[in-house]
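User: I am new to this structure and would like to learn how to read it. Can we go through its features one at a time?

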Amino acid sequence: MKLNFKLNQSNTPDKCEHCGAPLDDDAYVLDVNGEKHYFCCSHCADAWKNSENK
Ligand SMILES: [Zn+2]
C-alpha cells in the first residue's frame with residue numbers, strides 16, 4: 001500500500017469538508033470564527049453551514 005501524503009506545511013486541506021471532493025486552486029473558503037474551512041463550491045459551503053447551525 002502506498003500512501004501519498006502532501007508534505008507541505010500549510011493547513012490547507014485538499015478535500016471539500018462537506019462532500020470530500022478534491023479541491024482545485026479555486027476552492028471556496030469560508031471563514032468561521034477565524035477558522036478557515038474549504039469547500040469545492042459555495043453550495044457545499046452553504047450545506048455545511050446549515051448542518052453546523054442546527
Ligand atoms: Zn463539495
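This is a predicted model: local features need pLDDT of at least 70, side-chain atom pairs count only at pLDDT 80 or more; totals for chains, interfaces and linings use all residues.

User: How far is the C-alpha atom of S51 from that of H18?

Analyst: The separation is 9.6 Å, while along the chain S51 and H18 are 33 residues apart.

User: Which elements does the protein chain have, and in what order do they run?

Analyst: There are 2 strands and 1 helix. Read from the N terminus, the order is β-β-α.

User: In what sense do β1 and strand β2 pair, and over how many bridges?

Analyst: Pairing is read from the bridges between two strands. Here β1 and β2 (residues 35–39) are antiparallel, with 5 bridges between them.

User: How many residues of strand β1 are buried?

Analyst: A general point first: side chains in a regular strand alternate between the two faces of the sheet. As for burial in this case, strand β1 spans residues 28–32, and the count of buried residues among these 5 is 0, so by the cut-off of 20 or more other C-beta atoms within 10 Å this strand is hardly covered.

User: What lies between the two strands of the hairpin, and which residue there has a positive phi?

Analyst: The hairpin of β1 and β2 has 2 residues between its strands, and N33 takes a positive phi near 50 degrees. N33 has this phi although it is not a glycine. Its location is the loop between β1 and β2.

User: Which residues make up the largest nonpolar core?

Analyst: To read a core, look for buried nonpolar residues that are joined to one another. The largest one in this model has 6 residues: C16, A27, F39, C40, C44 and A45. Across the protein chain of 54 residues, buried residues make up 13%.

User: With which residues is C16 in contact, leaving aside its neighbours within four places in sequence?

Analyst: C16 is in contact with A21, L23, Y38, F39, C40 and C44. For the protein chain as a whole, among contacts with a separation of 6 or more, 21% involve residues 24 or more positions apart.

Key:
Residues are numbered from 1 along each chain as its sequence is written. Helices (H or I, at least four residues) and strands (E, at least two) are DSSP runs, numbered from the N terminus. A residue is buried if 20 or more other C-beta atoms lie within 10 Å of its own, exposed if 12 or fewer, and partly exposed in between; C-beta atoms are placed from the backbone. Two residues are in contact if their C-beta atoms, placed from the backbone, lie within 7 Å. Two strands pair if DSSP finds at least two bridges between them. A nonpolar core is a set of buried Ala, Val, Leu, Ile, Met, Phe, Trp, Tyr and Cys residues joined through C-beta atoms within 7 Å.
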